[in-house]
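User: I would like to go through the labels given to some residues here and see what each one rests on. Could you take me through them?

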Amino acid sequence: MESDIEIFSEADASMQKLRIFGIDDREDENGRRRIKDVEVYVPIVCGSIAFYLGKKATEYRTHKWTVYVRGATNEDLGVVIKRVIFHLHPSFKNPTRVVDSPPFALSECGWGEFKIDITVILHTDVCEKKLELSHVLKLNPENEYGPIPKSIKIPVVAESYNEIVFPDPFESFLARVHNHPAVHISNLPDGFNLPPPGVADTYHLMEKGDTKDHPLSQWFLKFSEVEELFKLTAARKKVQAHIAKLKRQLIMVDGQPEGLQPSSGYEC
């Protein structure tokens with residue numbers, strides 16, 4: 001059965017899960033065996049970092065920016081992802097850009113914000129279906145009060161967190177990514193022995209570099225489910241405190257003698 005992909009929105013709009021499901025067969029047509037009741041999930045981040053060029057800016061080159069797909073804590077995703085295709089705005093020369101190895105990043109210069117469609121190609125023993133993502137390139141800094149002054153030293157960072165979940169993975173994939181820092185495995189049976197990776201499965205050991213040394217890593221945001229829970233709890237307490245304050249104010253108003261009720265603004 002061909003796998004499908006759904007996106008489940010989490011409480012925070014920046015955190016989503018991409019779940020691949022619909023896999024029923026224990027073996028595929030190539031004889032690869034699936035491990036039932038096991039899930040592999042890979043946290044990834046899609047994002048962009050844009051630097052204002054300041055005095056070097058021209059009419060059509062105001063910012064230098066980089067768009068990327070990275071590990072949530074900047075691990076090398078080459079163990080799962082084969083290539084990433086970035087689909088830029090048609091006004092760019094050769095708008096379809098292919099990145100075949102980590103770090104899966106692309107840098108350009110421009111002046112406008114636009115949506116970048118991103119196609120993620122996984123290794124064949126992971127999944128043969130493509131993942132289609134999108135990211136909105138942000139160039140101009142702003143906060144809840146509106147635009148703020150541009151800075152050539154502090155970039156504009158826009159990132160979103162996702163988890164790709166693979167239920168019933170192939171045994172070869174599980175053996176290859178076992179203990180890899182970019183990959184998390186749940187429900188692995190006690191005492192289950194994985195076969196060693198074959199010679200053909202060692203492409204992730206090629207000298208592609210550790211992406212933890214990415215030159216933009218100092219600007220990357222930190223994503224953590226625990227931190228998100230803390231944020232949600234704090235926001236909930238703040239809302240509850242505000243509601244309680246409003247209730248107290250209403251009680252005080254309702255409890256005042258009739259002659260002391262606030263005036264409606266109209267006089268006889």
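This is a predicted model: local features need pLDDT of at least 70, side-chain atom pairs count only at pLDDT 80 or more; totals for chains, interfaces and linings use all residues.

User: What makes the pair Arg70 and Glu159 a salt bridge?

Analyst: The side chains of Arg70 and Glu159 come to 2.9 Å, N to O. The cut-off is 4 Å between a side-chain nitrogen of Lys or Arg and a carboxyl oxygen of Asp or Glu, so the pair qualifies. A search of the whole structure gives 8 salt bridges.

User: Why can one say that Arg70 and Glu159 tie parts of the chain together?

Analyst: Arg70 belongs to strand E4 and Glu159 to strand E12, so the bridge joins parts 89 residues apart in sequence.

User: Are these two residues buried or exposed, and how do you know?

Analyst: Arg70 has a relative accessible area of 5%, and Glu159 has 11%. Buried means under 20%, so both residues are called buried.

User: What about Arg97 and Glu108: why does each get its label?

Analyst: Their side chains meet in a salt bridge at 3.0 Å, N to O. Arg97 is at 17%, under the 20% limit, and therefore counts as buried.

User: Why is Thr62 called buried?

Analyst: Thr62 sits in the loop between E3 and E4. Its relative accessibility is 16%, under 20%, so the label is buried. Leaving aside neighbours within four places in sequence, its contacts include Phe51, Tyr52 and Trp111.

User: What makes Thr62 and His63 a polar contact?

Analyst: Their side chains are 2.7 Å apart in this contact. The limit is 3.5 Å, and residues adjacent in sequence count only if both atoms are side-chain atoms; this contact is between side chains, so it counts.

User: Which residues touch the most other members of the largest nonpolar core?

Analyst: Trp65, Val80, Ile118 and Phe166 do, in a core of 40 residues. Strand E3 gives the most to this core, with 5 residues.

Definitions and conventions: Residues are numbered from 1 along each chain as its sequence is written. Side-chain values use heavy atoms; hydrogens and water are left out. A nonpolar core is a set of buried Ala, Val, Leu, Ile, Met, Phe, Trp, Tyr and Cys residues joined through side-chain atoms within 4.5 Å. Buried means under 20% relative accessible area, exposed over 50%, partly exposed in between (1.4 Å probe, protein chains only). Helices (H or I, at least four residues) and strands (E, at least two) are DSSP runs, numbered from the N terminus. A polar contact is a pair of N or O atoms within 3.5 Å; within protein, one must be able to donate a hydrogen and the other to accept it, and residues adjacent in sequence count only if both atoms are side-chain atoms. Contact means heavy atoms within 4.5 Å.
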